[in-house]
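Please read it alongside the sequence and the structure.

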Amino acid sequence: MALPGVLQRAPLPIIGAPLFIISNPTLLIEQCKAGVVGGMPALNARPASQLDEWLAEITETLAAWDRDHPAQPAAPFAINQIVHKSNDRLEHDLQVCAKYKVPIVITSLGARTDVNDAVHAWGGIVLHDVINNAFAHKAIEKGADGLIAVAAGAGGHAGVKNPFALVQEIREWFGGPLALSGAIATGDAVLAALAMGADFAYIGSAFIATLEARASEAYKRCIVDSSSDDIVYSSLFTGVHGNYLKPSIRNAGLDPDRLPESDPTKMDFGGGEGAKKAWKDIWGCGQGIGAVKAVVPAAELVARLRREFVAAQRRVAARVVLA
């Protein structure tokens, strides 16, 4: 199945994952200018009225870039919406997205027909993130245009499925847009995602260690200094399992190897104080960070991914010829 037109405008098969608290217009714009789909959560705009200002900045800046660079237009951008009932801003934020005709909306924590219909009404498409095949079916049944398969090793809220198994099961019945998330931080891994059957690699943690990201210097440095051995999978902090950096857990006075069980009554996905504290103090991160060696501009990260992706394509092509 051919990709929707808006996704065909992405020069590289990469989507920059929307990072709670961390993503901002500057990072998103640099991602798009560099050739990958830039992503940002609507909830990062605080107060809610700031979302209108941010979307005005994003659309105007990218339009100006396209006018000045007709041979190298920017990739489209995506805004993430948490559709869980704890998000009391959803209706407001959708109205602002409609005003600017946001081309891609990424929905999380629940699939809703009314949200999908609203996005389709202004001409946008919806990608819904899922951690298993059952949730994937529900998302498409409720009108999502595409899926983001969140496999084991992804930063933040992540599943436990091996990416080979998850993509395989989804591709048995779904031929639409599919992105794969989980420990992808190199161009080689991007090509591997495509070889498995995905259309895009979904990359988040590597973009935290960029100059434009709204993360503390300690957070960025911790990513550079850490590896997959420094990631712990726990449901304690938001009520849903996710991957986090062990040093940040120790800094909070907890033992990352002996974390207590979560309290389901304190779940907070709508960006309230509980959620903000979890992500601000307990640092979400995926298992792919061993490839992150320095804090660099987003454009430099994308350039590295591009070089590695092209080199991997050539290497695989050479092996096929030899075979």
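A disulfide is counted here where two cysteine sulfur atoms lie within 2.5 Å. The model is a predicted one, in which local features need pLDDT of at least 70 and side-chain atom pairs count only at pLDDT 80 or more, while totals for chains, interfaces and linings use all residues. Residues are numbered from 1 along each chain as its sequence is written, and side-chain values rest on heavy atoms, with hydrogens and water left out.

**Cysteines**

A search of the whole structure finds 0 disulfides. The closest cysteine sulfur to that of Cys97 belongs to Cys32 and is 14 Å away, which is too far for a bond. For Cys285 the closest cysteine sulfur is that of Cys222, at 7.6 Å, again too far for a bond. Burial is judged by relative accessible area, where under 20% is buried, over 50% is exposed and values in between are partly exposed (1.4 Å probe, protein chains only). By this criterion Cys97 is buried, at 0% relative accessibility, and Cys285 is buried with a relative accessible area of 0%.

Because Tyr219 lies in helix H10 (residues 217-225) and Trp283 in the loop between helix H12 (273-281) and helix H13 (298-322), their pair ties together parts that are 64 residues apart in sequence. Helices (H or I, at least four residues) and strands (E, at least two) are DSSP runs numbered from the N terminus.

Two strands are taken to pair if DSSP finds at least two bridges between them. An open sheet is formed by 3 strands in the order S7-S11-S10, with antiparallel pairing. Strand S7 (156-157) and strand S10 (231-234) stand at the edges with a single partner strand each, so one side of each is left without a neighbour in the sheet. S7 pairs with strand S11 (residues 242-245) in the antiparallel sense over 2 bridges, and Gly242 in S11 is the bridge partner of His157.
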